[in-house]
Amino acid sequence: MKVWIEQEFCTGDALCEDLCPGVFEMGDDALAHVKGEDGTNGGKPGTAVPEVLEDGVLDAQAQCAGECIYVER
Ligand code: SF4
């Protein structure tokens with residue numbers, strides 16, 4: 001699974017970081033980032049998610065107020 005955030009729609013509520021801190025973190029810009037992203041955050045190709053964290057990513061995606069967490073398998 002790969003994940004990315006369309007940050008222009010991020011509300012900055014940090015819910016994703018609370019639900020899945022292994023993948024998401026809040027940046028100095030008060031927007032959520034995918035940890036380890038390589039500058040492609042906010043669009044494809046996204047960042048690979050360790051299998052053990054996939055459920056957490058899907059949970060965050062389902063609850064994201066901005067509906068701006070995207071995954072691709
Ligand atoms: S849950 Fe969604 S809206 Fe909230 S901080 Fe994370 S990406 Fe942004």
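Predicted model: local features only at pLDDT ≥ 70, side-chain atom pairs only at ≥ 80, totals over all residues.
Local features need pLDDT of at least 70 and side-chain atom pairs count only at pLDDT 80 or more, while totals for chains, interfaces and linings use all residues. Residues are numbered from 1 along each chain as its sequence is written, and side-chain values use heavy atoms, with hydrogens and water left out.

Let us start with the rings. The structure holds one aromatic pair, where pairing asks for ring centres of Phe, Tyr or Trp (its six-membered ring) within 6.5 Å. Trp4 and Tyr70 are the partners, with 5.9 Å from centre to centre and 15° between the planes, which makes the pair stacked (planes under 30 degrees apart; over 60 is edge-to-face, and the rest are tilted). Trp4 belongs to strand S1 (residues 2-5) and Tyr70 to strand S5 (residues 69-72), so the pair ties together parts that are 66 residues apart in sequence. Strands (E, at least two residues) and helices (H or I, at least four) are DSSP runs, numbered from the N terminus. Trp4 is buried, at a relative accessible area of 6%, whereas Tyr70 is partly exposed at 33%. Here buried means under 20% relative accessible area, exposed over 50%, and partly exposed in between, with a 1.4 Å probe and protein chains only.

Next comes helix H2 (residues 54-63), whose buried residues are Glu54, Gly56, Val57 and Ala60. Seen down the axis of H2, these fall within an arc of 160°, so they line one face of the helix; the arc is that of the directions from the helix axis to the C-beta atoms. On the other side of H2, Asp55 and Ala62 are exposed. The cover over the buried residues of H2 includes S1, helix H1 (15-19), strand S2 (24-26) and S5, judged by contact, meaning heavy atoms within 4.5 Å.

What does the lining of the largest cavity consist of? Its residues divide into eleven nonpolar, three polar and one charged. Nonpolar covers Ala, Val, Leu, Ile, Met, Phe, Trp, Tyr, Cys and Pro, charged covers Asp, Glu, Lys and Arg, and the others, Gly among them, are polar.

Finally, look at Leu53, in the loop between strand S4 (47-48) and H2. Leu53 is partly exposed, at 24% relative accessibility. Leaving aside residues up to four places away in sequence, Leu53 touches Cys20, Gly22 and Val23. Leu53 and Val23 are 30 residues apart in sequence and 7.5 Å apart in space, C-alpha to C-alpha.
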